[in-house]
Amino acid sequence: MTDESLLDDPDGLIRADRRGLLRSVAASGAQVRTAVRAASAPLSRLRPEGRPGTVLLAGPGPDVPLAAGLLEALGDGAVRVAHLTPSGPLASPGALRWQLPRWAGTLDLVLITSADGSEPGLTDLLERAHRRGCAVATVAPEGSSLAELALRRRSLTLPATTAPHLEPAGHPAAPGHHWSLLVPLLMLGDRLGVCAASGEHLQALAERLDTTAERCGPVSRPDDNPAKALASGCHGALPLLWSEGKLAGAVARHAASAFLALPGVPALTAPLPEALAAHGALLAGGPAGPPDPDDFFRDRVDDPSPPRARVVLLEGPAPADTPPDADLPPSAVAAARDLLSEQGVALTELTAAEGGSDLETAGDLVAQLDFTAVYLALTTATRS
């Protein structure tokens, strides 16, 4: 059961937000600035001896897959990036375990993040990476068991921080906080030559996140607020997040996780042009298609009513070194628009503000979709 009228009621949204989700995502820019200040001193003492062969990322939070996607998208392709997915009997951080690939060794870097720092599986991973001779860096709260073990093993330890005066959100997947764990990884990646995330880039990212928070915040009208408009369009729909480019793909996967974790809305992702075939049956109303209206004897009570599809199209930026008159391969975006128009499928094209770095574009899109996930959660009465 949903109450979309809340999208036109800023005070009602704030009253419904008992878990502080809006406050959390609105503070994304402040989280970036706080993380930059905390990580600058430890990173200034780092003297890299070259780029790693592979960067392996592990941790229980949504920052890890997003960090893996951004490190790969913002890099030049010379360093491999891998996300270590956990296994365990329960979907609980304390029960999860992470395995190192057999080939991981002295040329590789293992990055471990945790907002809590007490997960046994992460300390076990750090020990095994240390024995293999891997370089290890952690992002964890100071004084946590993970941070203390990293110090004993003389690994690089970066603090997990929280913006000043920001009350903790009442949801483990609250958006915005992932920047406090993600930013130190981006700074380390820049220091090692894995990706482009300099101090200037991060300062601009924080400013872009502040601007996006103003545009997508609760006081902004739905007609002027892309997050509210998208949340309204996704009610009762199956969101299909289509992306073009690695950066947009990383953002789409993050959004799908946020949609499921906060409002409980399942969303599917696919890159273009593969999405045109992968989700083709969903666009037509399911594998069997709609029921035959001329079948007089069918039982209409049992007619399935699958959710309508809504495609959310994310287009990444063009490569920074592309000449203005370059002969680029044709984009799949135009073909996607034509197909959706022919089939009468709803389409939302989510874009970032023009200008700025690829990191700013990613932050802008992430924040818009984080706000969308929050609005979906707040306007779904059974989950607010």
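**Entry 1: α3 against α8**

I began with the place where S28, G29, A30, V32, R33 and V36 of α3 meet α8, whose side of the contact is L202, Q203, L205, A206, E207, L209 and D210. I am working from a predicted model here. Sorted by class, this contact of α3 with α8 holds seven nonpolar, three polar and three charged residues.

Next I looked up the geometry. Helix α3 covers residues 28-44, and its axis comes within 7 Å of the axis of α8, crossing at roughly 160°. Angles over 145 degrees count as roughly antiparallel, so α3 and α8 are roughly antiparallel to each other. I noted the crossing of α3 and α8 as left-handed.

**Entry 2: α8 against α14**

I stayed with α8, residues 199-216, and turned to helix α14, residues 358-378. At what angle do α8 and α14 pack? I found about 30°, with the axes 9 Å apart. Here α8 passes α14 in a right-handed crossing.

From α8, the contact takes in H201, L202, A204, L205, R208, L209, T212, A213, R215 and C216. From α14 come L359, E360, T361, G363, D364, A367, Q368, F371 and Y375. I sorted these by class too: the contact of α8 with α14 has ten nonpolar, five polar and four charged residues.

While comparing my lists, I saw that L202, L205 and L209 of α8 are among the residues that touch α3, and that L202, L205 and L209 are also listed in the contact with α14.

**Entry 3: α4 against α7**

Then I moved to another helix pair. I read a packing angle of about 30° for α4 and α7, with their axes 10 Å apart. Angles under 35 degrees count as roughly parallel, and that makes α4 roughly parallel to α7. The crossing of α4 and α7 is right-handed.

Which residues make this contact? On the α4 side I listed D63, L66, A67, L70, L71 and L74, and on the α7 side H178, L181, L182, L185, L186 and G189. The classes come out as nine nonpolar, two polar and one charged.

**Entry 4: the largest pocket**

I looked for open space next, and the largest pocket has a volume of about 1,100 Å³. Its lining is made of 42 residues, and P60, G61, P62, P172 and A173 lie nearest the centre.

Which element gives the largest share of the lining? That is α10, with six residues. By class, I noted 22 nonpolar, 14 polar and six charged residues in the lining of this pocket.

**Entry 5: two backbone details**

Last, I checked the backbone. L272 and P273 are joined by a cis peptide bond, with omega about 0°. I placed P273 in the loop between β7 (268-271) and α11 (274-278).

My other stop was R154, where phi is near 55°, a positive value in a residue other than glycine. Where does R154 sit? I found R154 in the loop between α6 (145-152) and β5 (156-159).

Definitions and conventions: Residues numbered from 1 in each chain as written. Predicted model: local features only at pLDDT ≥ 70, side-chain atom pairs only at ≥ 80, totals over all residues. Heavy atoms only, no water. 1 Å grid on protein atoms, 1.4 Å probe; cavity = no way out; pocket = protein on both sides within 12 Å on 5 of 7 lines; lining within 4 Å. Points joined across faces, edges and corners; volume = space filled by probe spheres on them. Helix = DSSP H or I, 4+ residues; strand = E, 2+ residues; numbered from the N terminus. Nonpolar A, V, L, I, M, F, W, Y, C, P; charged D, E, K, R; others polar. Axes fitted to C-alpha atoms, helices over the stretch in contact; angles between N-to-C directions. Parallel < 35°, antiparallel > 145°, perpendicular 65-115°, else oblique. Left-handed = near helix turned anticlockwise from the far one by under 90°. Contact = heavy atoms within 4.5 Å.
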